[in-house]
Amino acid sequence: MELTGSTLGRAPMAPSSAKLCHNTALSTKTAHAMRFAKLGFLQSMDFVAVSKPKCCAAHRSSAKCLVKALQSETLAKEGTVDDVYGGLSQVCAVLGTQWGDEGKGKLVDILSRSYDVVARCQGGSNAGHTIYDNDGKKYALHLVPSGILNQNATCVVGNGVVVHLPSFFQEIDNLEFNGVSCQGRVLVSDRAHLLFDIHRTVDGLREEELGGSKIGTTKRGIGPCYASKAIRNGIRVGDLRHMDTLRDKVDVLFQDAASRFKGFVYEKSILNAEMEHYKSYAERLEPYIADTVQYINMAYLEQKKILVEGGQATMLDVDFGTYPFVTSSNASVGGICTGLGKSLYNSSRSWSIPNGAFWTAC
């Protein structure tokens, strides 16, 4: 695999026939992460790794500069203008190589016109991507993929993303208000975890507790939500379809915070108010909920082109970044595998026997 999508199997390098401006680079630092791309459709994936822009008089937008390089390489190899992105494979991932703010959203917005599906695989509402339409109108996206301005693309919020529904609906409302149709074009995984306001409260309390050793989080609850996922008291989007059990699950989140932090006041009236909010959220979100693991796999089998939009960047990866000053998900290539999924359920069935053997029947 390579970063620019020309010849699979070659070491990562910049396009040979196009010179990138000095503030945009295809970093070879992500080469070590390629080892993880051995599963499912990732065997044929291309990677566009973007470095953070500093300054450039000729090209203010590093994303546009990189796209011009990809265009030039394709034209040189194929001698055609029919599809300037023809050199990119069926599945392409745009990932940051530093600490974020490299212009990934701009690049995804530009590339999305050549893709059928644009998917987010990790992160939450802290992954802010700013894009502009042809009229110069600005859109600040945090959960909705940056391919939303391409009316022919389906946008997927994968199972690896944590979703704050008030923020999600605020983005949808803003897009619809500005004439960008989202109906039937945005899918949210039923396995994605819900980020509640309680997670944001806990995020702030945790930072205060650290004192001079603060991580410096955005205090948007991303870390605590992933923590809930890891300790298995998290709540997933699919749980909104079962309001009879949702109340007890939300109650566990509040009880956990109340027992953990002194001074955290929790009363049943707070839970009642939260449940009223999420009852209306559940009704509104229902048209967006989908089994995105199956959707992505079917899209791949149907030869649809899939563009993966990374959040944050490699140096913020929870495993490979500057730990502990990192985000709470895999922001490098590994997050694509876990955050979008390659289902094996079509070929096998499995049973788990408590305190006993694990059996699998093909």
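In the predicted model, Glu286 and Arg241 are joined by a salt bridge whose closest N and O atoms are 3.1 Å apart; a salt bridge here is a side-chain nitrogen of Lys or Arg within 4 Å of a carboxyl oxygen of Asp or Glu. Distant parts of the chain are linked by this pair, with Glu286 in the loop between α7 and β10 and Arg241 in the loop between α5 and α6, 45 residues apart. Helices (H or I, at least four residues) and strands (E, at least two) are DSSP runs, numbered from the N terminus. Glu286 is partly exposed, at a relative accessible area of 36%, and Arg241 is likewise partly exposed, at 42%. For these classes, buried means under 20% relative accessible area, exposed means over 50%, and partly exposed lies in between (1.4 Å probe, protein chains only).

The model is a prediction, in which local features need pLDDT of at least 70 and side-chain atom pairs count only at pLDDT 80 or more, whereas totals for chains, interfaces and linings use all residues. Residues are numbered from 1 along each chain as its sequence is written, and side-chain values use heavy atoms, with hydrogens and water left out.

The structure contains six salt bridges in total. Among them, Lys249 and Asp239 meet through their side chains at 3.0 Å, N to O. Because Lys249 belongs to helix α6 and Asp239 to the loop between α5 and α6, this pair ties together parts that are ten residues apart in sequence. Lys249 is partly exposed, with 32% relative accessibility, whereas Asp239 is buried at 15%. Another of the salt bridges is formed by the side chains of Glu102 and Lys104, at 2.9 Å from N to O.

Aromatic contacts were assigned to rings of Phe, Tyr and Trp (its six-membered ring) with centres within 6.5 Å, planes under 30 degrees apart counting as stacked, over 60 as edge-to-face and the rest as tilted. By this rule the count is six aromatic pairs. Phe168 and Tyr288 form an edge-to-face pair, with 5.6 Å between the centres and 90° between the planes. Phe168 lies in helix α3 (residues 165-177) and Tyr288 in the loop between α7 (268-285) and β10 (289-290), so the contact ties together parts that are 120 residues apart in sequence. Both Phe168 and Tyr288 are buried. A stacked geometry is found for Phe254 and Tyr266, at 5.0 Å centre to centre and 10° between the planes. Since Phe254 lies in helix α6 (residues 243-260) and Tyr266 in the loop between α6 and α7, this pair ties together parts that are twelve residues apart in sequence. Phe254 is buried at 6% relative accessibility, as is Tyr266 at 16%. One aromatic cluster comprises Phe168, Phe169, Phe196, Tyr278, Tyr281 and Tyr288.

Charged groups are also placed over aromatic rings, a relation that requires NZ of Lys or CZ of Arg within 6 Å of the ring centre and within 35 degrees of the ring normal. The charged end of Arg260 sits over the ring of Phe261, at 4.6 Å from the ring centre. For Lys305, the charged end lies over the ring of Tyr115, 4.6 Å from its centre.

Several backbone features were identified in loops. The peptide bond from Tyr323 to Pro324 is cis, with omega near 5°, and Pro324 is located between β11 (306-309) and α9 (334-340). Arg232, although not a glycine, has a positive phi of about 70°. This residue lies in the loop between α5 (222-230) and α6 and is exposed, with a relative accessible area of 73%. Gln303 also has a positive phi, near 65°. Gln303 occupies the loop between α8 (292-301) and β11 and is exposed at 58% relative accessible area.

The chain averages a pLDDT of 78, and 70% of the residues score at least 70. Over residues 1-43 the pLDDT is below 50, and this stretch has 110 contacts in the model beyond near neighbours in sequence, a contact meaning heavy atoms within 4.5 Å. Residues 343-362 also stay under 50, and the model has 16 contacts for them beyond four places in sequence. Where pLDDT is low, the predicted coordinates should not be read in detail.

Key. pLDDT = per-residue confidence, 0-100.
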